[in-house]
Structures are given as C-alpha cells and as structure tokens.
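Visitor: Please show me the model, and let us then go through the terms used to describe it.

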Amino acid sequence: MAAMTELSALQSAIEAPHTEGEGEDLFVKLARLRNAAEAAGEGEVLAALDELRPKLRRQLSRPSLAAKVHMVWRLLLTLIVTIWGCMALLLFTPLRLTHPLLRPLGVPNGLLPLDVLELAWAHLVLRAAGVRVRVEGEGAGRWSGIPHGVIVYNHASNLDPFILFVACGGHRAPKFVGKKVLFAVPIFGWMSLALGQVPINRGDPKKSIATMNERVAAIMSRWSRSVAVSPEGTRTKDGHLVLPFKKGVFHLSQQMQAPILPLAIHGAFDLWPPSRLFTGVGEITVRALEAQPPLPPLPPSRWHTGLLLQLALPAAAALAVLLIGRTSGEGLGTTAPSSPSSSPSSSTAS
C-alpha cells in the first residue's frame, strides 16, 4: 500500500511540468522506489515505474548544420586514429612479454610499455573526437591502497572505455569486459583479444558468468589488474542509469572477494545520445567514488540463483543510488570520503 501511494505521488510529479534538475531528482526517487519494489517482488509497481521512465528522458537540443558537418569530419578523423592505433598496438603486442620482467623491478600496472601505449592511444582518440576529460578529486588515485577490483561505470557513450582509461591514467590500466560480437570486428577485435580484454556471450548468462570468473581470476590473481565492466549491461537510451543492474558484476566481485570501484561519468550522454551520429565537442567529468566491499563469501554448496539475487539486490541498489547522484552532477566538485584498503595480491605475469 505504501509503495502504491509513493508511486501515485511520483507519477503526479513526473507528469507535472518540471525542470531538467527536477527531472534528475525525480529519477533518483524512481530508482529508489524501483529498487525497493524489486527487493519486495512487487511486479505491478515495477511495471508502472517502467512505464513512467520514458517521461523522464533527457531533452537535448538539435545540432546546427555547421555542427553536423564538423561532426562528420571529427568522426572520420576519429575512425582513422582508432584504426591506426589498433594496428600499432597489434604490432607492439610482443611488448607484453616484457611485463613479467618489469614487475619485479617495481614497474606498476599503468606504467608498463603496452599500458603507456594504450593510454596514449586513448588520449589521441578523444582528442580527435573533440572530447576533453576532466577528473574530479583524486581520480583513480583514491583507490591507491587497493591492488585491484571490479571497476564499474555508467555506460552513456561509445567512447566510455577511452574515457575510463584516460581517467584511470597511470594509476591502473584495467582490462575490459565486453560483448563477444565486438571482438569479431576486424582489427579492433583482434587488438582487443591480443591485449587481453574479456569477451562474454550475453545470450548465454551461465556461460558468461563462467567465462568472467575464469578469465578475471587470472587477470586479478596473477596480474593484479582491475577489470572494468558496466553493471547496466548496455548503453543508456535516455540519459539515466539502466535499471536493474546485471547481477553478474556482484557475483564476480564476491567470487574474487574484490571490492567494487565505482567511476561516475557525467556529460557523456549529452555529447553523444544514441540518436546522434557522433559525439559533440565538449568536456566530460569523471569522478572515482568510494570503494564498495564485496558480498560475503559463500561455500559452493550454498550457491543458487535465489540466494545470489537476495544478496546482490541491496548491493545493486546502493551502487545505483551512488552512481545516480554523481552522474547527475550532484556532489561533483566536493571532497569524498577516503576508500577502504584491501590486502595486496601477487603479480607475476602480464
């Protein structure tokens, strides 16, 4: 009954005229109510909230003719830089063999040869696209006491992996989890596989989780690297977080007992909504948020879907609210609390 009352009040507020800032606040309320309804199994409320969501879609102005011409030019330039970078990285892939030799000498992830080349490539791609990345606060440096974790980010643009890599800078060079179909793209897919990125088949959830666990275990335990994945599972179409989050991220964090490292990206959707050919010129703000501890470990005998869902729901709800506040611009420019540390892990390979 309380949920239906809140739903009715929210519906009235959404249907009434409101500013963009008020729309962000309304989406926060919608997300909180949706998380509570999902945990309580209130299907009727969930369906009603999903019907309300399109009314909160971000409204963006249309680019002028001159802006469209400039957009096409930047798209062509970005494609050239991207393809050139993929071919160069493929050529220099053998440098990975030097990583195990450099680690004992104290060279950290992020400063290894291929990591430096990847970072330079990401900078060039964003420059060609006309996108500037501004890192708020310490950036990934706030996680300096954590050897590795699961980096999660809000997925609003096809440039997000480049943005994330630049935002992490020399502090860590994560490996990315992505759709298997992307790895079939000539040159780009070959380069991604050669650099150790993780392809998953989202059409088979069980196989996807098994693949993530196996590949990520090697990346974290042997290389002490972080892994980046979007808990939304897809790019947002309306400028807000895609809910509910995929539970595989929390399963992965729990299996590895690795903290979740949230990275909030603000402004990417405004520059490149799905309806637009390419990104606009502008600045994107990124902030590293406080690390979230993994779910408590469980013996294999207690693993089943219902229990995973029960454990993951509160964690997903907390993470969603955390990201919503920062991606909407709330709190950007303020000092966030320091993140917890984690015990160190061995690093023997690249």
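**Terms and values in a predicted chain**

Guide: Of the 350 residues of the chain, 50% count as buried, where buried means under 20% relative accessible area, exposed over 50%, and partly exposed in between (1.4 Å probe, protein chains only). This is a predicted model, in which local features need pLDDT of at least 70, side-chain atom pairs count only at pLDDT 80 or more, and totals for chains, interfaces and linings use all residues. Residues are numbered from 1 along each chain as its sequence is written, and side-chain values use heavy atoms, with hydrogens and water left out.

Visitor: How many helices and strands are there in the chain?

Guide: The chain holds 12 helices and seven strands. Helices (H or I, at least four residues) and strands (E, at least two) are DSSP runs, numbered from the N terminus.

Visitor: What makes H4 roughly antiparallel to H6?

Guide: Two packed helices are described by the angle between their axes and the distance between the axes. Axes are lines fitted to C-alpha atoms, for helices over the stretch in contact, and angles run from 0 to 180 degrees between N-to-C directions. H4 and H6 pack at an angle of about 170°, with their axes 8 Å apart. H4 is therefore roughly antiparallel to H6, since angles over 145 degrees count as roughly antiparallel, under 35 as roughly parallel, 65 to 115 as roughly perpendicular and the rest as oblique.

Visitor: Which residues of H4 and H6 meet?

Guide: From H4 they include Leu77, Val81, Trp84 and Leu89, and from H6 they include Leu117, Trp121, Leu124 and Val125; contact means heavy atoms within 4.5 Å. By class, this contact of H4 with H6 has 12 nonpolar, three polar and two charged residues. Ala, Val, Leu, Ile, Met, Phe, Trp, Tyr, Cys and Pro count as nonpolar, Asp, Glu, Lys and Arg as charged, and the others, Gly among them, as polar.

Visitor: What does H6 pack against through its buried residues?

Guide: The buried residues of H6 pack against H4, H5, S1, H7, S3 and H8. Among the buried residues of H6 are Leu114, Trp121, Val125 and Ala129. Glycine 130, with a positive phi near 85°, follows H6.

Visitor: Which residues have the most contacts inside the largest nonpolar core?

Guide: They are Ile151, Leu159, Leu164, Leu263 and Ile284, in a core of 45 residues. A nonpolar core is a set of buried Ala, Val, Leu, Ile, Met, Phe, Trp, Tyr and Cys residues joined through side-chain atoms within 4.5 Å. H6 supplies the largest share of this core, eight residues. Apart from it lies another core, of 36 residues, including Leu10 and Val198.

Visitor: Why is isoleucine 187 called partly exposed?

Guide: Isoleucine 187 has 25% relative accessibility and therefore counts as partly exposed. Isoleucine 187 is in the loop between S3 and H8, and has a positive phi of about 70° although it is not a glycine.

Visitor: Why does glutamine 257 count as partly exposed?

Guide: Its relative accessibility is 36%, so glutamine 257 counts as partly exposed. Glutamine 257 lies in the loop between H10 and S6, with phi near 50°, a positive value in a residue other than glycine.
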